[in-house]
Amino acid sequence: MIINRVSYLTGPNLYSFKPTICIELDIEEWEERPSNTIPGFADRLLQVLPSLHTHSCSRGYEGGFVERLKEGTWMGHILEHMALEIQHLAGIKVKRGKTITSERKGIYFVTYDYLEPKSGFYAFEAALEMVNAILAGKETNAESYIQHTSNLYHKYKLGPSTDAIYQAARARKIPVERVGANSYLRLGTGKKQKSVQATITSQSSYLAVENSCDKDMTKTLLRGAGLPVPAGVVVSNEYDLLKSAEKIGYPLVIKPLNGRQGQNIITDIQNDTDLLAAFHCVYKERTHYILERYYKGMDYRFLVVNHELVAASLRLPPTVVGDGKRTIRELIEEENLNPLRGDGHEKAMSKIPLDDRTAVHLEKIGYSLESVLGCGQALEVLGNANLSTGGSAIDVTEDVHPDYRRMAVSAAEAVGLDVAGIDILSTDISVAYEKDEAAILEVNAAPGIRMHIYPSRGKSRDVGGAIVDYLFSSREEAAIPVVAVTGTNGKTTTSRLITHLLQKDDVTVGLTCSDGVWVGNQQLDKGDCSGPISARKVLSNPKVDIAVLETARGGMLREGLAFRYCDVGIVTNVSEDHLGLRGVETLEDLEKLKRTIPEVVLPGGACILNADDPKCVSMAEHTNGEVVYFSLSFMNPVVQKAIEDGSKVWYLENEWVMYCENGKAERFLPVSHIPLTINGAARHNIANVLAALAAAHSLGRPFSELRSNVITFLSTEEQNPGRFNVLNVHGRTVVVDYAHNPAGLKALFETVNLLKRGRIITVGSAAGDRQDQTILEMGRIIGNYADVFVIKEDYNLRGRTPGETINLLSDGVEEARSSTAIYVHHKELEAMNQGWKLTGVGDTLVLLYDQYASIQTFLEQIKQLETASLLEQIN
């Protein structure tokens, strides 16, 4: 079996709203061997992964998958269930999968949920290796595969603190994206975006973060605010150390001046000998340390967010319990195998360190790592309770006395932090504070919040949600409006026109389309930019107020959408195009793919659908947005029903653009006043205008503004390059368009036919990744309209052999039984020049381009010819 392609669909996609892996799998000879024809296969598989018994599959009840396995199912389906189960056993909460049979023999599209890409794909590789071993009669075991999947997941996923913020944002429908491989999150979009790294926010003061890292400065600020702090000094050598210890008095604590996460802290030091040993244990050259008085009491962490206490925990040092046989080292090693413990911050608890810190603490209390504890004897193996050094936590939020609540908030304010972890040592935080009964040990920037999410005992607190709520009070405060435009034809023109209608002096519109990326008037990228990579460039740009995103089939199949929700979703039409690619093999598949846009429209948003296309109309049942129809006919039954229901509708009546809401119709403009419609001849552009007007009006633009803007959008090289541009050159009409499928070609020639005076000379080709019948149909359409057809070849043959597309187009022209004259020039610019030479005064030259640069070069050439001709006449 061979993996042909792997796609990581990070956003809403053809299969799911969740991140989905899609694997194009060739099962080769096993296409002829379903599972029930392979002796012993089902039983052996269930021995290796017995938990597959719990899978319901499409039958909806436990054991459904096993029934299908024994009745006979194919390897793609089997591997899907295995990949899900391996992830599930590795502690990854996934459950949805679906395998689609291709029309190509042996090809299956295996899709399933994942939370982290490396572990998600490895689960499939592991499933494939296990199946191959079973088929080959070899021994195999799932345990190592499950463990490696778990290791990959915890190594590359977000840490618990960052993930809590990520999930809280998603729950509030606030856009959130991980940036890079670490703990940096971008929340919100465009001008409204903010960011978080760990728990430091983009609102956090740099100076406050620096002050919190300087323990001496922190103490100075707290003392100045009248808050209790331990007496202490900064030291850097043994002489100052011993001299200061004598002045402060034992017991003592030593910790790095700029330390964090409880690292290199040694507590309860009782004498000079222990102090020197501790200093040598933590000492690093050119490092300063704080030496301060040690207070007995319980270690509490208070989390303050935006001047409010949102959680409090009692932190306990890491502890082991003896059995009378094993050493402390062995007990720690066993505890570190606890699945809740991991390296660093990857899991709910950290592993207990086995290093000098532990050895020094044990030595101080009369033990060593090789000591054997008595049966049932509990021992704290470290002197501090930080989670990063193996400690645990108990939630005590509801027990906090108002005095301590005020103390924690005041400490955060004194240092200047918006999100802060306050470490307080106290005998009891549930009673009123009394002098010398508590001390603030530290104020931490970027406090870890996993102790509040995963306490050892007590209630889990939504501290990630508290941080998100501090940054944004609502989705509207976080997300700029997003307009998503999809469909087979008209996407680019509609997207450009919407941008033109929305752009104002104080509003910057970001646009992605098949020709590039723009932010306001600045072009950031050129080329086909109708996919998620380009969309993210606009959504992450801090200058953008509104995003208008052309959303094409290709990007949706490669990565899914770049956004989870949109405010306005438009489907212009659905017709055959690009079938047979990446699992979209039928028109129904394409319809379902395009339907993704209506499905992600927010409640309260607008879903704008073409009432003249039944496939678009059927999407109305799949959206949470308000459905707004547009149509070229007032008599369309869908329009009539919408008007009757009081819905919003844009339509054409007696060559007027009309708008109706609550049963009240209003004239907008005659189509003859809208340049893009070519005096009403370009019916496809009237549809694009209606869709664009519906989108801009849904975002609150008044009619007066829309009328002023729509009449200034021209079908020219400057405003709508390559989309039905009409030029009059040297007595000829030149039409430039990107029609690249049968529906687009038909709409183009219907318009050209209304405008022509003489012959129609067409220069064009077809993309090689279209199906043969599609290319033949394009040839037939051209044969029905064109007097002359100059066939060229695209620069990228897209899997075709040289001349193959040309022959298919020629066959299509012949099938039309037309008298169309055919010429062949393989190179685009040469074909355009040939087409020009074949024209006479009054003829129309239709140029269907592949690369717009060829159009620009050609037009420059013929304009020079026209200029030279005029000069000759003058002379």
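A residue counts as buried when its relative accessible area is under 20%. In this predicted model, Thr844 has 3% relative accessibility and is therefore buried. Thr844 belongs to strand 38, residues 844-848. Leaving aside residues up to four places away in sequence, Thr844 touches Thr733, Val735, Val752, Lys756, Arg759, Ile760 and Ile761.

Strand 2 runs antiparallel to strand 4. Thr20 stands opposite Asp113 in strand 4.

**Strand 29 and its neighbours**

Which part of strand 29 is buried? Five of its six residues are, so the strand is largely enclosed by the rest of the structure. Strand 29 covers residues 626-631. It runs parallel to strand 28 and parallel to strand 30. Val628 in strand 29 is the bridge partner of Ile608. Ser631 has its bridge partner, Tyr651, in strand 30.

| Strand pair | Bridges | Direction |
|---|---|---|
| strand 2 (residues 20-26) and strand 4 (residues 107-113) | seven bridges | antiparallel |
| strand 28 (residues 601-610) and strand 29 | five bridges | parallel |
| strand 29 and strand 30 (residues 649-653) | three bridges | parallel |

A general point applies to such strands. In a regular strand, side chains alternate between the two faces of the sheet.

**A helix pair**

Helix 10 (residues 272-282) packs with helix 12 (residues 356-364) at an angle of about 175°. Their axes are 10 Å apart. Angles over 145 degrees count as roughly antiparallel, and helix 10 and helix 12 are therefore roughly antiparallel to each other. Helix 10 contributes Asp274, Ala278 and Cys281 to the contact. Helix 12 contributes Asp356, Arg357, Val360 and Lys364. What classes of residue make the contact of helix 10 with helix 12? It has three nonpolar and four charged residues, with no polar ones.

Conventions
Residues are numbered from 1 along each chain as its sequence is written. This is a predicted model: local features need pLDDT of at least 70, side-chain atom pairs count only at pLDDT 80 or more; totals for chains, interfaces and linings use all residues. Side-chain values use heavy atoms; hydrogens and water are left out. Helices (H or I, at least four residues) and strands (E, at least two) are DSSP runs, numbered from the N terminus. Buried means under 20% relative accessible area, exposed over 50%, partly exposed in between (1.4 Å probe, protein chains only). Contact means heavy atoms within 4.5 Å. Axes are lines fitted to C-alpha atoms, for helices over the stretch in contact, and angles run from 0 to 180 degrees between N-to-C directions. Angles under 35 degrees count as roughly parallel, over 145 as roughly antiparallel, 65 to 115 as roughly perpendicular and the rest as oblique. Ala, Val, Leu, Ile, Met, Phe, Trp, Tyr, Cys and Pro count as nonpolar, Asp, Glu, Lys and Arg as charged, and the others, Gly among them, as polar. Two strands pair if DSSP finds at least two bridges between them.
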